[in-house]
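Q: Could we go through the packing in this model? I would like to begin with what counts as a contact.

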Amino acid sequence: MAEWVNGKVTQVKQWTDGLFSLVVNAPIDPFTAGQFAKLALEIDGERVQRAYSYVNAPDDANLEFYLVTVPEGKLSPRLNQLQPGSDLMVTKEAAGFFVLDEVPDCDTLWMLATGTAIGPYLSILQQGAGLERFNNLVLVHAARFARDLSYLPLMQQLQQRYNGKLRIQTVVSREETPGSLTGRVPALIEDGRLEAAIGLAIDAETSHVMLCGNPQMVRDTQQTLKDQRQMRKHLRRKPGHITSEHYW
């Protein structure tokens, strides 16, 4: 059984009608960048809970979570109504294996995300530990519309901080936006546009690909990498080139 602690909302960032971030203070145990917690509210006498990844670095006491409101959902519309000072419950101990310790050494680490699944990568990059074993870092955030690229300013700050080691690219699927590629991630890999924009190749010899987000994107991208690049899923007992996490 998970142990729960009481948390207090300190800030709400309302990015769009459907996207928001909660900043929370809570007495949690230490976590590893890339892991997630569960947030919960008591609703009609029932504890309703969902898993959300930490956006903040582990050494930052301001716990940040990036959420999408599911209109018919039980929890997310209620979370979107919270204000600074509101209470909620947080699991004391984080969970998940979408962490750098599970990623083998390689020349280029590709971090691909759709929607709110950008969170784990922002935690990893803000912390910075363990990234020295990669020569190149690539962060790709895909969304439907440009307005959904909530953390682009932070991505740009991180790009400056890493002084040429980190390359960033945004992808928008439902409109054309300056600076962003247009389309879906699997197709952009298949036709080479993503690599052309970044200036690096995705291949089994030099690359490891982390995939986080929409399960369809994860499945389709894995299949493209398998068929085109002879890359396979990474397992502890059988090392490979792809680490993935479905984000709902």
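A: Contact here means heavy atoms within 4.5 Å. Please note that the model is predicted.

Q: With that in mind, which residues is Leu 109 in contact with, leaving aside its neighbours within four places in sequence?
A: Leu 109 is in contact with Leu 100, Val 103, Leu 131, Phe 134, Asn 136, Leu 137, Val 138, His 208 and Met 210.

Q: And how many residues are in the largest nonpolar core?
A: That core has 31 residues, and Leu 109 and Leu 139 are those with the most contacts inside it.

Q: Which elements give two or more residues to it?
A: They are β7 (108–114), α2, β8, α3, β9 and β11 (207–213). The most comes from α2, with 4 residues.

Q: Which domains does this core draw at least three residues from?
A: It draws at least three from each of domain 1 (4–91) and domain 2 (100–246).

Q: What does the second, separate core include?
A: This core of 24 residues includes Leu 63, Leu 75, Leu 88 and Ala 94.

Q: Turning to helix α3, which of its residues are buried?
A: In α3, which spans residues 152–161, the buried residues are Leu 154, Met 155 and Leu 158. Viewed down the helix axis, these buried residues fall within an arc of 105 degrees, so they line one face of α3.

Q: What do they pack against?
A: The buried residues of α3 pack against α2 (119–127), β8 (136–143) and β9 (166–172).

Q: Which residue with positive phi follows α3?
A: Asn 163 follows α3, and its phi is near 50 degrees.

How values were computed:
Residues are numbered from 1 along each chain as its sequence is written. This is a predicted model: local features need pLDDT of at least 70, side-chain atom pairs count only at pLDDT 80 or more; totals for chains, interfaces and linings use all residues. Side-chain values use heavy atoms; hydrogens and water are left out. Buried means under 20% relative accessible area, exposed over 50%, partly exposed in between (1.4 Å probe, protein chains only). The arc is that of the directions from the helix axis to the C-beta atoms. A nonpolar core is a set of buried Ala, Val, Leu, Ile, Met, Phe, Trp, Tyr and Cys residues joined through side-chain atoms within 4.5 Å. Domain bounds come from an automatic or database domain assignment.
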